[in-house]
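The entries below follow the order in which I checked them.

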Amino acid sequence: MTLLTYLRRKLGLTGTKLGCAEGGCGACTVMLSRYQTHTQQLLHYAVNACLAPLCSLHLVAVTTVEGIGSVARKLHPVQERIARSHGSQCGFCTPGIVMSMYALLRNNATPKMADVEEAFHGNLCRCTGYRPILEGYKTFTTLMFRIFNVNCVFVSVQESPSLFNAADFAPFDPTQEIIFPPELMGSASLRFHGDRATWLQPASLDEFLRLKWKHPDARVVVGNTEVGQSVAHKRTNAHIHTHTQTHTHTHVCFTIFVGTRVVFGAACTLSHMGAVLRQEVETRPPHQTQVFLAVLEQLRWFAGLQIRNVAVSLPLLTSTQFVSAFKQSPRREDDISTVTAAMSVTFAPGTAVVEDLRLSYGGMAAVTALAGKTAARLLGRRWGEELLQDACSSLAEEMTLDPSAPGGMVTYRRTLTLSLFYKFYLTVLHKLREQGRGQDDVVGRPMMHLSALKQATGEAVYCDDVPLYENELYLALVTSSKAHAHILSIDSSVAEAMPGVACCVFAEDIPGSNVCLCLSDQSGASLSSTVTCVGHIIGAVVADTQLAAQRAAKAVRIQYEELPHIITIQEAIAAQSFYQPIRTIESGDLEAGFKQADHILEGEMHIGGQEHFYLETNVTLAVPKGEDGEMELFVSTQSASKTQLLVAKVLGVPANRVVVRVKRMGGGFGGKETRTTVLSTVVAVAANKLKRPVRCMLDRDEDMLVTGGRHPFYGKYKVGFLNSGKVVALDVSYYSNAGNSMDLSLSIVERALFHMENSYSVANVRGRGFVCRTNLPSNTAFRGFGGPQGMMVTESWMTDVAQSLGRPAEEVRRLNLYVEGESTPYNQILDQLTLDRCWDQCLQRSGYQQRRAAADLYNRQNRWTKRGLAIVPTKFGISFTAAGALVHIYTDGSVLLTHGGTEMGQGLHTKMVQVASRVLGIPCSKIHISETSTNTVPNTSPTAASASSDLNGAAVVNACQTLLQRLAPYKTLNPKGSWEDWVKAAYFDRVNLSANGFYNFDTNSGRAFNYFTYGVACSEVEIDCLTGAHKNLSTTIVMDVGHSLNPAIDIGQVEGAFMQGLGLFTLEELHYSPRGVLLTRGPGSYKIPAFGDIPTQLTVSLLRDAPNDKAIFASKAVGEPPLFLAASVFYAIKDAISAARVESGVSGPFRLDSPASAERIRTACCDRFTKLVQ
């Protein structure tokens, strides 16, 4: 028995998670403490509980995440900091990361940052992108992260402060940790005898040698990383294990106030003024110190220390007054400005109506010029678009300059008067919105994920954490070992006779419809008697423990008659093995476009598949209720309603007898949208047959074998373009590897076609999509849903165009970008387009031109390492369906909110609480979301396609507005009453305090998408031409997410999606044998990005002033769109390879398939060494 099994099943300590069962993900990390008798010192070290044999822990203290702190008692600083720095999304990996950091701190209370990074070498996270975890834990280091949050910029109208404040963290006191139990200070020999093995633990080297001499075939176990994996996955067993306590490794981880004014004397320096103002800003209410902040901002850029002397009188402001100051000069640090401006507006209390307005400009006359006429015209007006238009017209008339005015630049200076007022207008508009929201309105603020603290302490409950039922059984799958075959016979007699086995389950046990073809008949006579992939579910074994069920499942004997199989896209094309229909999108005149072109090129590209690698594998617990065919299921799924319907079909009961409950998921990414039902239906059939609760959580290798992943794609293209680089014709064909069923493959290839031009305007285009039928497990939805594959091919031909012309790729891309009002190939007019703004800001923020010059110089000076850059845009379409919500208000004023979306780490529940808080006008602390369940909100859409905040948010608003209308009379009668007063009054009047909400989007004719989310990324890499290794040096991302509902969550989504894309395009590879066997089935052979793969410099900015009028509170979807921006890393690698090829005398377009693995990079560099082995 492993330590993990003991903790979870025997002690009920479920904070330690099962992620892979092979020590590769770190989700099960705990800290072991052992007294070293030879040094008389304590050693603390982090280990994987999934590999640690329980019998190896004699005289060892085990500390789990529950043992260091809890929400109910007191959080440990390690737990608090990862949560408050937004480092926990789905949270499944969080306890392991917490324990890795905790173990480091127990050995080194003030680690260096290198120690922290090293401590996490064994931990994986699929959600966050790692950056916020490191940000939070940098606060423990000796550097204390002096430049806080420098790598993550949230941009609103003004630069926002950090997403979290380290000063709010509880201090870390290493003297207050748990003491080591004195009774464990010693050493002793140990001998365990079990049914299948003997465990010998010597206390000395001499004893170890004697035991090894006596038992020469005994396996020697230290960390159990090899033997443990062999037992867990190969089901092998050594009869005698000898464990040595001799651990040789160490863990190196981780002035004067007058009334309401401040008066500074003439001899007071501006440096001193700055110090005083900064202190006042820290101690006074924010609304009083706006003018201080404005002055401080100008002081940053005002001349040098020698000049900063002046007499100043500064007022304290009221809460209805807003002040800003602006300066434009040839160089910001210069004290001689072109135009300056100071503006102040005061509003009537509680309104946006202008009560007083003062506009002053420097540089428009010999002295400061006041725009008095404009200000007078705007009095009594509401601050809005009409006021802005009138103000600009009036300023254009009032602020004139003689053509011969000193300093020149007359037109520029007059334009600045309007531009600076517009800046002031936007600033005030933003502050009005903030002020109008009230202190309790958290929409648009970086609120922590609601479950983050529970996730950091291990108290968050996932599906497999549900306590064991008294008579519960465990299920293990029996799967096909052949890619395509008839089942001739199934012999389960040996399995059924094994200890602990309750029964075997096959197709004849299904009382309803075998709708999923989820089981095979023992006789091989049912429809599913033909298996169509390795991993095809044939049956299941149910036993009293997981180990007993898995051993018995291996004992089921199956005879096959093998049939021809198709594995790859190329084999499918050769056999014309396609699902119908073949999709086509065509626009313009393709033939005329190619005739117009100055150049025509053709190319092709293959994009590999990707494993979802959610940290929590698929899991289902089915509980029969004992009457009327009712069954309750706890499932880790994105599609509660779909699971309900399919389980009802296989059980032969109406859907109203089945309840599916989803508390939270440890990640999903699309992999739990449809494929979870292949497990849920089997578990439900077994529970129905035995009338007992049945549970199954797949091991990582099983999950990867059975569930499928992202579709591999093959793209062929022919592109016509002008000498300028303008693309005028495109003919592209996409082939996707769907696997052994359609699943969602047709919709996925359709989205690839909808994104075949990415962000570029092409007048004449044809795209065709082919869905290949193969003998692989059915591929399915994955973040991006075909969009990334479609756009990846686009950027391939765009790069080819640039290379064939010898022009910079960024110039060719910019030339072809869409502009406002242009039409897509599917005839959708683009409005509210922000591509150009994202592009220009990304160029500026990344310092692209300077980086390009530096990279070119580096490449000239270095032969065997090369640097490359790429800037890549994305345009991702967002579609809507429908959603529901249910809101209860209880008599104590608390609110229970339920909606149709599921929480998988994306912060959906957090955002929905924020939305409800704003609409109801109550603090988030009064609102609670318990779970998603089919008996509260029925007929829900899957939580997918990035639109869940849009859809469920609108449904929540609808329900809350209904309740507000019902409470309105009581608020009117008692305007000074509290929320609780109004609720009680309504209750006593027998008013219904429960409301349903519903939202349905009726698609406009001709619009494939409701709106688009835009973004641009610039990346720089360095490749080693001799090995193919690469470093991610920097990435700058500018993302348009509208008005963010929660910038901390949205930035986390951008970073997480980017890192997942980084894996897709540069690292992650699925390898199949020619017979269709998946060879990469766990973190040992399938590599997702780790902490060390983050770009050295990662900057994320959210585009400011880009409201979206088509979604909730002007926000935009954010889950999927950023993923493709990782293609900037791929094309930066390709740019670096191009530089290497030039050194070898090779230039022009070349093929580079995805992912850009070290092997592909090395081969593509094309030098004298590669030629020798060709």
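Does Phe669 count as buried or exposed, and at what relative accessibility? I find Phe669 buried, because its relative accessibility is 11%, where buried means under 20% relative accessible area and exposed over 50%, with partly exposed in between (1.4 Å probe, protein chains only).

I note that this is a predicted model, in which local features need pLDDT of at least 70 and side-chain atom pairs count only at pLDDT 80 or more, while totals for chains, interfaces and linings use all residues. Residues are numbered from 1 along each chain as its sequence is written, and side-chain values use heavy atoms, with hydrogens and water left out.

Entry on the site: I took from the unreviewed UniProt entry a "binding site" listing Gln638, Phe669, Arg783 and Ala945, bearing in mind that such annotations may be inferred rather than shown by experiment. These residues are spread over 308 residues of sequence, yet they cluster in space, with a largest C-alpha distance of 12.6 Å.

Entry on contacts (heavy atoms within 4.5 Å): not counting residues up to four places away in sequence, Phe669 touches residues including Arg126, Gln638 and Arg783. Gln638 is buried at 2% relative accessibility, and its side chain reaches the backbone nitrogen of Gly670 at 2.9 Å.

Entry on cysteines: I count zero disulfides, a disulfide being a pair of cysteine sulfur atoms within 2.5 Å. The sulfur of Cys503 is too far for a bond, because the closest cysteine sulfur, in Cys504, is 6.7 Å away. Cys1165 is likewise in no disulfide, the nearest cysteine sulfur, that of Cys1025, being 4.2 Å away.

Conventions: A polar contact is a pair of N or O atoms within 3.5 Å; within protein, one must be able to donate a hydrogen and the other to accept it, and residues adjacent in sequence count only if both atoms are side-chain atoms.
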